[in-house]
Amino acid sequence: MNNVLLKLSAANKSFGNNHILKDIDLEIHEGKVNVLIGPSGAGKSTLLRALSLLESFESGELSYKDIKVCTNVDGKAIYDEQAVQKSKEIFGLVFQQFNLFPHLSALENITNPLCVVKKMDKDVAKQKALCVLDKLQLLSKKDFYPWQLSGGQRQRLAIARALAMEPEILYFDEPTSALDKQLVTDLSKTIKDLAQDNLTMLIVTHDLDFAREVADQVYYMEAGRIIEEGTSSEIFERPKQSLTQAFIS
Amino acid sequence: MDIFTILVLLLKGFLVTLLIFAGTLIGSLPLGIVVGLMRLSRLKLVSGVARVFISIMRGTPLMLQLLAIFFGPYFLFGIRLSSEWKIAACLLAFILNYSAYFAEIYRSGLQSIPKGQTEACKVLGYTKSQTFFQILLPQVIKRILPAMANEIITLVKDTSLAFVIGISELMSQAKAISAAEVSMIPFALAALIYWVFNTVVERVLNQIETRMGYYHE
């Protein structure tokens, strides 16, 4: 029960002369809440975007389970288009800005990808969507459009849309940035519920209280490198690296 | 000729006007999407072709384009021009010309959609064409409707240019009757018909705009 879902090795990425990600190694195992913390500008979001295949690594190797998404050839990361497409069934992403489809209702935001991407039958998709909406307490909002929802509801809809695709690992990009304190508490509860259902998550955040609340495994990142990794108590109570100590205190 | 007879003749001309109007929209609305997407292509050659096409179509008079397309086959290849070719040449010129204007409107509309929409589609696994037809195009249509309405209303009036290649649409009918009768009345009636038709077009476009108002960004 501890399969490797994601394996990244020696990954690099720069924008122009700006070396953002430096020799990153990362291995995510099934069934844990992984949290990536670090100061802004550390490269956390870029790393998450590259793992979501919205950006590409310049060098390094990435695989999702047994799917080799990119491999190193002569020091350059070469992506396999088919593998890229296939790996999208394994991960999902909840964007910082949610990126819901404004012209579709809450229900349609979930059924559209199911019908279009997964070629699911309309009625089956609807049943599935209603089930996920219910799980995230949005059933009464099923016919609302995104603009009619509050910030917290929009985020839950974004989570619902991603969940309906049945990913094995769910990414969150700065999920607390648009939320007030009460909503952060609600989000923590949602994440713990998802973890109860054995969903693996990788959460990028600079919100330490939130990270402490939800994390099983913590990665500390600074200046493009993952400096330290460990369980929540290892990182928050007994950090080994001085940079980590400085950041969390 | 009494007013009633004049009106009947003018309305016959209006049917031809209507044909040009409808034919142009049916052809140029989809063609505009193709040209607009070509213009946004990352392939330099493709976007270059679209850029030149748009530049020529917008940069030269529609009247000249009508004449060039209509007489082209005769001057270039000595082909005799039939009366069917007349209406075909007319539609071809209008469709090409309007697709250039529509292409620019589609392009600006597409570029105004936040990048997050495309990114969400990418992560969810949509193909490029699924992204375009399911997610982008419906939002683009809402955004570009006011600009489209402008062009469509201009098109109603531009159809009168067809008279330079001898098509008996509303404008040429009015001119012929006016010359024969030595009267302003045919022009006044033609103006009235254009205006009434445009009022209807405006109504329809407003209705579509209202129907798209069910959501905001």
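The model is predicted, with local features needing pLDDT of at least 70 and side-chain atom pairs counted only at pLDDT 80 or more, while totals for chains, interfaces and linings use all residues. Residues are numbered from 1 along each chain as its sequence is written, chains are lettered from A and ligands numbered from 1 in the order in which they are written, and side-chain values use heavy atoms, with hydrogens and water left out.

On the side of chain B that touches chain A, α5 (115-124) and α6 (128-158) each supply at least two residues (helices are DSSP runs of H or I, at least four residues, and strands runs of E, at least two, numbered from the N terminus). The largest share, eight residues, comes from α5(B). In total, 19 residues of chain B and 24 residues of chain A take part in the contact (heavy atoms within 4.5 Å). The buried area, which is the accessible area (1.4 Å probe) lost on putting the two parts together, summed over both, is about 2,100 Å², and carbon and sulfur atoms give 62% of this area. Val123(B), Leu124(B) and Tyr214(B) supply 31% of the area that chain B buries against chain A, more than any other three residues.

One salt bridge is counted between the two chains, a salt bridge being a side-chain nitrogen of Lys or Arg within 4 Å of a carboxyl oxygen of Asp or Glu. It joins Arg49(A) and Glu119(B) at 2.7 Å, N to O. Within chain A, Glu55(A) forms salt bridges with Arg49(A) (3.2 Å, N to O) and with Lys13(A) (3.9 Å, N to O). Glu55(A) lies in the loop between α1 (44-51) and β4 (59-64), and Lys13(A) in strand β1 (residues 4-15), 42 residues apart. Lys13(A) is buried, with a relative accessible area of 7% (buried means under 20%, exposed over 50%, partly exposed in between; 1.4 Å probe, protein chains only).

Tyr214(B) and Tyr215(B) form an edge-to-face aromatic pair, 5.1 Å centre to centre with 65° between the planes; rings of Phe, Tyr and Trp (its six-membered ring) pair if their centres lie within 6.5 Å, and planes under 30 degrees apart count as stacked, over 60 as edge-to-face and the rest as tilted. Tyr214(B) is partly exposed at 34%, whereas Tyr215(B) is buried at 0%.
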